[in-house]
Amino acid sequence: MSATISQSALRELVGGWIAQGKRVVGPRLVVSGVGAVREPPLDRGNESRIFYAPLESSEQLALEGFIHPANSMKEFLFPKHEELYGYRITGKGIELSEVEPLRAEQVLIAARPCDAAALPILDQVFNWDYKDELYNTKRQLTSIVTLACAAHDEACFCTSVGLAPDAERGSDAMLFDLGGSEYEVRCLTEKGKALFDGKLEASERVAGLLPGPEKRFDAEQVRAFVKDNFDSPFWPAQTLACLGCGACAYTCPTCHCFDIVDEGNIERGVRARNWDSCQFSMFTLHASGHNPRPNQPARQRQRIDHKFRIYPEKFGEILCTGCGNCTRHCPEGIGVLSVLTAL
Amino acid sequence: MSEQNIVAPASDRQEKFEPKIVAFVCNWCTYLGADLAGTTRLEYPPNVRIVRLPCTGRIDFNLIIKAFEIGADSVLVSGCHPGDCHYTSGNYHARRRWILFRELLQAAGFEMERIHFTWISAAEGHKWQEVVTEITEKTRQMGPYTSLYQVTDAPAQPLPVQGGELPAVRLPDWGGEGEEGLRETCRRLLAEDKVKVVIGYGKRGPVFITRPEDVERLAWNDQCLANLTVYLKRKEIRALGRPAIVVKGCDERALAVLERESQLDRKDLHVVGMACPGMGEPKCETCDVHVPRFADEVIGEADKSAAATAERWKALESLMALPAPQRMSYWATEFERCVKCYACRQVCPMCYCERCLVDKNRPTEIDPSATSKGNFAWHILRAFHLAGRCVGCDECTRACPVGIDLRLLNLSLAKAAEEHFAYRAGMDPKAEPLIGAYSLQDKENFIR
């Protein structure tokens, strides 16, 4: 026995959430008009134009025909630019004004399991020594409905970091494509139950096992290697091609570094936080001019080190969900996967 | 000049609109011209705020953008008449830059009726009065500049895709022709110790081969997209010793520009050119450099005829056919996705500054945030710093993880360079760089 929903009923439900004023975010085809976007080194069809984006209508929700959207879900909890507070210089004093966190209910629909699993991982770092109110407020008001993956590409490696195409972690409800425009729904939490309450039909059809990508590396071995090989020639040898952009970090569901900046003029402005990436040369540059990570190999090592040793040792979790976005988006074809498989 | 002086509350602007005009003027001519207008008691509208700079050649194009951002409705840029420059040639340099910059602003969707250029000498108090009066009236009629960085309410119309459309059928997998020759050449170069490292294409992404026995890792197929010349500037690569670099005809143009800009010496590297039938990228459709021209050796041949010049601008035409506010709306929509990962900058062979202007924070010139303001400022800056230098390898567009068609901005400048100056970056290694040179014949029909 299982509970199912037809695609049309699902779209109707999504339309209902939108009508209730919820922000509904899901995979959506972004048509960019002029020109054409290149075919990437890895064949990824048209998915470079599928993005997680707010849906204005339920028809915009894309449910099949792509592996992973070009971005990750994190930006709807931890946006690329977020104002912390405003300031105004008044004579000799400074007036501060609070920025109210957005208090709208939000549903992330058809999230990939690798994106959903990233959220409990991020919860830890945003609630460790300082409870991040902006993140937490959005997190509490967010429900995540995950769509299990029926396909994967050669950049996918969720099985290597302990996840799977049907991993339930981080989801409030899960959808499984049964074919014939029908989905099995598994409600995993109260939030999930509330979303689908009264909308499901009982059915005999149960989703089969989903084939995951082959296991590509052993995370424990990676941890042991990075621990003992800080100065290994492996790093420069494997990362020479890295040009130091932030495409990997900014499309990663778990990368969460940010930089705090003041923007404004002599009279008023805002203090805001922006995404930052450990691959930028400025990331660790000291005011003295010294840079403890002076080159790209050191920065790539840091990325792997943080994901597979530092974060697990501190929080007991690998800071990677195997979504493969870093590999898909690296202009020079590097990414976590190619580094680790080389290892 | 504070923001408060410039920006009136929105409600006031609607009811009683007084145009705000910012004038960037040179110290020696126009500023004195304006001064003369005052001392001779000539009346002109008080709507203009003057920003005095040493010379028009010193006017940073970012300032024009910035003026609009903080609420200017029109901008005036004015300096000495040709032949009259206090520094001999500052205004000639400025003139050439404006010719190019105007085209970029047009492509980005700025309202060009709001940007004015004049020559006003120290003796022309009357002209200053006339110009300011006229601009003020014209701006008053146009109303406040409200479409800046705005997405229009009109439904987003997908532009007809022209010129840039990928072939419906992917190129048949090719590889093999040339691949063996390439490996053989590189094996020889390494074995004879002519070079210490070969910068080439591997199965996925660039590889750096230092031993003759490793040349089997080199690949040559339709996925060899990257422009490898970007690696020549990197310290880690330089440390490996004298390089051989694998280039396609399009990549090779970057070498010509880099050499002209004294960034490399051809004696210090060995260039292995690959004749390329096209990689199926938009740029390949209009390519006319299928066979590298200056390489130390060329492997393979490509039997391809060059496309007509007009073909090169086709992708741009569909954008330029739109009215300005919609062009701006297009970019505002596209830039909304920009996350400022700077992949466009990092993959660019021409972006070799030790520290990019956008990374400078004392003071901050470009907002580092990925907001519409910060993104427009960044993309305009990036494109214009490549004016007359961009070789059209389209690496920025290929690298963009969110699929912004940055190529269009580059194309607008490439078109301007070709139409106004018959100049194509990297085609003639001897040609004088476009920016940095000037001619007395540069057109000035847009300057009053």
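Predicted model: local features only at pLDDT ≥ 70, side-chain atom pairs only at ≥ 80, totals over all residues.
Student: Which elements of chain B cover the buried residues of α17(B)?

Tutor: The buried residues of α17(B) include Arg407(B), Asn410(B) and Ser412(B), along with Leu408(B), Leu409(B), Leu411(B) and Leu413(B). Ala414(B), Ala416(B) and Ala417(B) are also buried. Their cover includes, from chain B, α5, α12 (314–320), α15 (372–385) and α16 (395–399).

Student: What phi does the residue just after α17(B) take?

Tutor: Just after α17(B) comes Ala422(B), with a positive phi of about 50 degrees.

Student: Which residues touch the most other members of the largest nonpolar core?

Tutor: In soluble globular proteins, nonpolar side chains tend to be buried together. The largest nonpolar core here has 218 residues. Its largest share, nine residues, comes from helix α5 (residues 90–108) of chain B, and at least three residues come from each of domain 1 (3–142) and domain 2 (179–299) of chain B. The members touching the most others are Val145(A), Leu104(B), Cys186(B) and Leu413(B).

Student: Which residues does Leu104(B) touch, not counting residues up to four places away in sequence?

Tutor: Leu104(B) is among the core members that touch the most others. Two residues are in contact if their C-beta atoms lie within 7 Å. Leaving out residues up to four places away in sequence, the contacts of Leu104(B) are Ile380(B), Ala383(B), Phe384(B), Leu409(B), Ser412(B) and Leu413(B).

Student: What distance separates the centres of domain 1 and domain 2 of chain B?

Tutor: Chain B is divided into domain 1 (3–142) and domain 2 (179–299). Taken over C-alpha atoms, the centres of these domains are separated by 47 Å.

Student: Which elements of chain B do the buried residues of α3(B) pack against?

Tutor: Helix α3 (residues 30–39) of chain B is mostly covered, with seven of its 10 residues buried. The buried residues are Thr30(B), Tyr31(B), Leu32(B), Gly33(B), Ala34(B), Leu36(B) and Ala37(B). In chain B they pack against β1 (21–26), β2 (48–53), β3 (74–79) and α6 (125–142).

Student: Are α3(B) and α6(B) roughly parallel or roughly perpendicular?

Tutor: The axes of α3(B) and α6(B) lie 7 Å apart and the helices pack at an angle of about 90 degrees. Angles of 65 to 115 degrees count as roughly perpendicular. The two helices α3(B) and α6(B) are therefore roughly perpendicular.

Student: Which residues make the contact between α3(B) and α6(B)?

Tutor: From α3(B) the contact uses Gly33(B), Ala34(B), Leu36(B) and Ala37(B). These four α3(B) residues are buried. From α6(B) the contact uses Gly125(B), Lys127(B), Trp128(B) and Gln129(B).

Student: Is Tyr342(B) buried or exposed?

Tutor: Tyr342(B) lies in the loop between α13 (324–336) and α14 of chain B. Its phi is positive, about 60 degrees, although Tyr342(B) is not a glycine. Because 25 other C-beta atoms lie within 10 Å, Tyr342(B) is buried.

Student: Where is Pro363(B) found?

Tutor: A cis peptide bond, with omega about 0 degrees, joins Arg362(B) and Pro363(B). Pro363(B) is in the chain B loop between α14 (343–346) and α15.

Student: How far apart in space are Ala173(A) and Ile144(A), C-alpha to C-alpha?

Tutor: Ala173(A) lies in strand β8 (residues 173–179) of chain A, and its contacts include Val145(A). Ala173(A) and Ile144(A) are 29 residues apart in sequence, and their C-alpha atoms are separated by 6.7 Å.

Technical notes
Residues numbered from 1 in each chain as written. Chains lettered and ligands numbered in written order. Core = buried A, V, L, I, M, F, W, Y, C linked by C-beta atoms within 7 Å. Buried ≥ 20, exposed ≤ 12 C-beta atoms within 10 Å, placed from the backbone. Domains from an automatic or database assignment. Axes fitted to C-alpha atoms, helices over the stretch in contact; angles between N-to-C directions. Parallel < 35°, antiparallel > 145°, perpendicular 65-115°, else oblique.
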